[in-house]
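Please read the following note beside the sequence and the model.

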Amino acid sequence: MKHWYGLVYFCCFFHLAWAQVPGGNFQSFTDRQGLSDKRIFSIAQDQMGFLWVGTANGLNRYDGYTFRQFFPKKGDSTSLPGSIINRLLLDKRSELWIATDQGICRLQRDGYFFQRFNTILPQGDVRDASILDFFPAPDGNLWMITRAQNLLVLDPNRGKVKKIDLPLPDEPYSGDLQRKQATHAFDVWINADGVVWIGGRNGFYRSDLQAKNFEYFSMPEVDNVGVQYIRQTEPGYVWVMVWQKGIYRYDLQNKRYKKVENPAGLPFSNLWLEKNSDLTLGGGFGLTRLNIAKGQRSDLPWPSDFRSGISVTALCRDRGGILWIGTETGLIKNDPHLQGFKLVATPQPQKNLYRNDLDDLWAAPDGQFILLSGVQNRILSLNAQGQVLKSKLLNEAPKLTRFLQDQQKRCWVAGQDALLLLNPKTLDYQWVARIPEANPSNATVGLAQDQSGKIWWATSHNGLWSFDPKTKRIQQSEPKPPAKVDRILRMVLDERSKYLWLSTDSEGFWEIDLERKNWRQFTDQECDGLSSCRGLVQDQKGRVWISSLAGLLQYSPQTKRCRLALSRDTGLPLNLLDGGIRGPEGELWWGMNDRLLRVDPESLRFKIYDERYAASHTPFGYAQFAKSADGKELYACAYGGFVRWHPLDLSSNQTPPRVVNTRLLLTNKVVYPNTDSVTQLGIRPAENSFTLEMTALNFTLPEENQYQWKLQGFDEEWSKPGTDRFVRYTFLPPGKYQLLVRAANNDGIWQKKAQFFEVIILAAWWQTLWFRGLVLALFLGLAYGIYRWRMNQVRERERLEHDFKRRLGEVEMSALRAQMNPHFIFNCLNSINSFILRNQPLEASAYLSKFSRLIRLVLDNSKSEVISLEKELETLELYIGMEAHRFEGRFSYQIMVDEALDPGSIDLPPMLIQPYIENAIWHGLLHRKGNDGLLTLTLQKQNELMEIRIRDNGIGRKAAQELKSKSATERKSHGMALTAERLQILSDRYGHDIQVQIQDLFDEQGRALGTEVLLTFAIK
């Protein structure tokens, strides 16, 4: 009995009706869009996000913009082994495997070449080279089905292949051929637990990875056709697809199965196992989604322009949720982010209409739709599926253009000049009120009921009217003369019934205070664009949004101010908007020519829905909007029907794209066509200008992907977002850069982390460090050479100048000595002459003898720049003695030498002391009265200095200057001046720093006691 319970449960498992997915959106790709062949056999998405499409002639990689084709190349073992791509799959290492008609291979992304594997065993069937299907196992091996229907296992690491022999099922066979074909394999699939499922000719097998045992499950209904697909989605059950028969749910415990039927009567031809274990099935009628957990199914038929009976050859859902469908006539994309809008078509009795033929609609609480067509002068009722229930031509009634459901749930309609009460079930109506003397071109543009129950009725050419359903009284409402309202386009009643707003074609925007009955007009003087207003919508905060020629305006009833909120300057494609309605989440919807515009009133972010979302069904623009009774579904009147959608069900693309680099050009020459696997690039100096092509792998409206980049080390800020996907840099200086790139999808979702591409601009030989170092070394060497040459010049000049100065000094010193020596000799000869005149021959002879010795010493010393102190003292002693003898004892003298001195080792310029001795004798001692004059010469050592003191007890310098004796006047002495000049020359030329201090000596009463001369110089 429990077997029957299982069957009953299975029969009831998918008990729900076929629910059509609203607004199916499909996009086709064939060889005209770049595919190598329109016959699609397999589809897969790799780890990076590229879509791979295997065809009957070549492999294709799709990046959202272009298809890149791969083919076998004769003589190239790194190309595809065959041109027919039967199967594409990723293994556990996310490496792409390609099964072809000539063997299996693995994609090596670094360089985009293919690693081939031999699948033909020795003495094996050559048809085993053609791999029809395969599946990667958790242990890294590949289980494969070949064209010979053999089951092979490939070890990619060792490159070895072994054949798995399936056991013969215990079934009756009509002949040897049928017995032989009974072990043929048609499909292989391995679940996460390592259980291997193998589709056979009349059933399927279950085994383990070691293929040590096989359990066979028979399906007589297969009837030698073969199990095309086998998948397990829940414990105890597997799904089995049989070629040209359909899909079955198999109970493993009870070994019973049940076929899943479809209403089109066409069998399923392919399946895709979703991540949540749901199944997506493809067949000739369209797509079916089986929700295994809930036991529900939903169907998406092919669009009307698709031919019925199409064969689905491959299915793949990418990471962005897009379902890719392979067929024999091309690749089809079904994007869930582009769904949600559906056109409900209405009968078209007239052709070539000059505008949308639907003016308004009302969604009744029972699910019916009541439609008004002023052009056709017709009223229609449709059921929830869009089927026409009733259609009524209103020959005697005015052209009806607006609906209103009042507080009592009654349905009001208004037209050219009449207000009618409508029975929505029968479409019968009764006249209630009529505008007197209505303009023939008049039309109703708005109906609304305030909180008091009064109906406000706005017309295009007859102004604003009010109707009281209780009293049946109709009354016109006008501003104070001379103001007049005409050409009204829209009316909005404040939700609190405090204000009523009108938009006009040329008279601006009107606000009517219903309590005070005060009219206020706003024109271009208040805000640009107000002169011509088309649509009005009140948001949840009470603000009024106005569509105008300048764009979308926002009006605040509290501040009475209007501002421009959106326009072409802020990104809108068009400034002119139509209609308008508030959605269930407070968003605003507008018609924008043949598109729909969604605006967030707070952030002012907007999104445009066009033909890519199946939201473009009118060539004239959406002018009138409506909503369902619960406010969750919206409607827009269009040409030939109306568009319906649930704003809360509209899917946005929240998957950020991944950026890959697809091509690199150096000086407009393609260098790296496969840069998605390259992260670092070295560029030669001559090619320091490059263009990098990048792709954001987002397949939902990829033309709206946005890109930004920044070259770190060169750019300070990111580039401005845009759709340009070519990064160009020219004449970059040598260095190491990091190119950061990021992208956003069609809904503005940016990558959280930017991707990088390292760029190294190599330096030219003249820009390298070694060359710069060499140039620097040469420069420094040249500079040093110039410096040395210059220094040599300076030194040579200094040497010449020094020699010149030395010679000049010698000449000057010789001249000084020539001046000094004659002066001294002159004085001595005067003394000898004095002895002779006084008839003192002996004194003259002795004096002459000393004089001659002195002259000899002076002449010898004058030849040298320096002499020893010993010779200088010898000369001085002769000189002083001669002077003392000549002046007959007028003074005595003393020469005292410090014992610490060695006169023979101390050098000094010759005749250095003599002038000061002579000056002391002639100008000090000789003018002293009496013969007690004393001359003292003291030589002593103080540290490293030589001190020479010459002291006399003469009359002093002041008295000597006052006397100006006759002898001094007649014979002017040049000794002191010459000595001073000589000391200066010695200091300048030779660095002999000789300090001279002359001091007058006084007693306690201030009387002169003589003079002291102190000579100080360093001992060398």
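1. The cysteine sulfur closest to that of Cys527 belongs to Cys562, at 3.9 Å, which is too far for a bond, since a disulfide requires a pair of cysteine sulfur atoms within 2.5 Å. Cys527 is buried, at 9% relative accessibility (buried means under 20% relative accessible area, exposed over 50% and partly exposed in between, with a 1.4 Å probe and protein chains only).

2. For Cys637, the closest cysteine sulfur lies in Cys411, 14 Å away, again too far for a bond. Cys637 also counts as buried, with a relative accessible area of 3%. By the rule stated above, the count of disulfides is zero.

3. This is a predicted model, in which local features need pLDDT of at least 70 and side-chain atom pairs pLDDT 80 or more, while totals for chains, interfaces and linings use all residues. Residues are numbered from 1 along each chain as its sequence is written, and side-chain values use heavy atoms, without hydrogens and water.

4. The protein chain contains nine helices and 72 strands (DSSP runs: H or I of at least four residues for helices, E of at least two for strands).

5. The radius of gyration of the protein chain is 60 Å, whereas a compact globule of 1020 residues would have one near 31 Å (taken over C-alpha atoms; the globule rule is 2.2 Å times the number of residues to the power 0.38). Along the principal axes, the C-alpha atoms fill a box of roughly 185 × 105 × 50 Å.

6. Of the 1020 residues of the protein chain, 52% count as buried.
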